[in-house]
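Please consult the sequence and the structure while reading.

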Amino acid sequence: MSGMHLVLVGVSALALVVLGGGGVAGIVTGWVAPWGRSRVLRPRLWGYGSLTAAVGGAVWTFVGPLNGPPHGSSAYVAWAGWIVFMVGLLVQFRAQRPGRGTLPPTLPPTTTAS
């Protein structure tokens, strides 16, 4: 293993631990990072999504690109991890506040002459 490979493994592991830790904090206490508090409506659901994304990202990262060339069934396991990661991001997205749509234009009141 080269030195750069170890750096990539370390940075990836740190990022996934932080993502998973935020997910556990969201599940247990309802805490969300300050930059996401204004948008997250359901913090526990956001935490489950974050934890799911961390697990899927770990599987994809450490079975896929950081494990070397794909061989045998590891490629399928890595892609399954990628799909789990995307499902976690989708759950996080669903936990957020819906965007504000534009109101349809209102018509002026009509007067009827009889």
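## Overall form

What radius of gyration does the protein have, and what would a compact globule of 114 residues have? The protein has 22 Å, whereas a compact globule of that length would have a value near 13 Å. The radius is taken over C-alpha atoms, and the globule rule is 2.2 Å times the number of residues to the power 0.38. Along its principal axes, the C-alpha trace spans about 90 × 35 × 25 Å.

The model is predicted: local features need pLDDT of at least 70, side-chain atom pairs count only at pLDDT 80 or more, and totals for chains, interfaces and linings use all residues. Residues are numbered from 1 along each chain as its sequence is written, and side-chain values use heavy atoms, with hydrogens and water left out.

## Secondary structure and contacts

The protein contains three helices and zero strands, and its elements run α-α-α from the N terminus. Helices (H or I, at least four residues) and strands (E, at least two) are DSSP runs, numbered from the N terminus.

Contact means heavy atoms within 4.5 Å. Of the contacts between residues at least 6 apart in sequence, 67% join residues at least 24 apart.

## Surface and burial

The accessible surface comes to about 8200 Å², and 72% of this belongs to carbon and sulfur atoms. Areas come from the Shrake-Rupley method with a 1.4 Å probe; for residues, only the protein chains shown count as cover. Of the 114 residues, 25% count as buried. Buried means under 20% relative accessible area, exposed over 50%, and partly exposed in between (1.4 Å probe, protein chains only).

Val-7 is found in helix α1 (residues 3–29) and counts as partly exposed, at 45% relative accessibility.

Two aromatic pairs are found in the whole structure. Trp-60 and Trp-82 form a tilted pair, 5.1 Å centre to centre with 55° between the planes. Because Trp-60 lies in helix α2 (residues 43–63) and Trp-82 in helix α3 (residues 74–94), this pair ties together parts that are 22 residues apart in sequence. Trp-82 also forms a tilted pair with Phe-85, at 5.6 Å centre to centre and 35° between the planes. Rings of Phe, Tyr and Trp (its six-membered ring) pair if their centres lie within 6.5 Å; planes under 30 degrees apart count as stacked, over 60 as edge-to-face and the rest as tilted.

Trp-82 and Phe-85 both lie in helix α3, three residues apart, about one turn of the helix. Phe-85 counts as buried, at 19% relative accessibility, while Trp-60 is partly exposed at 29%.
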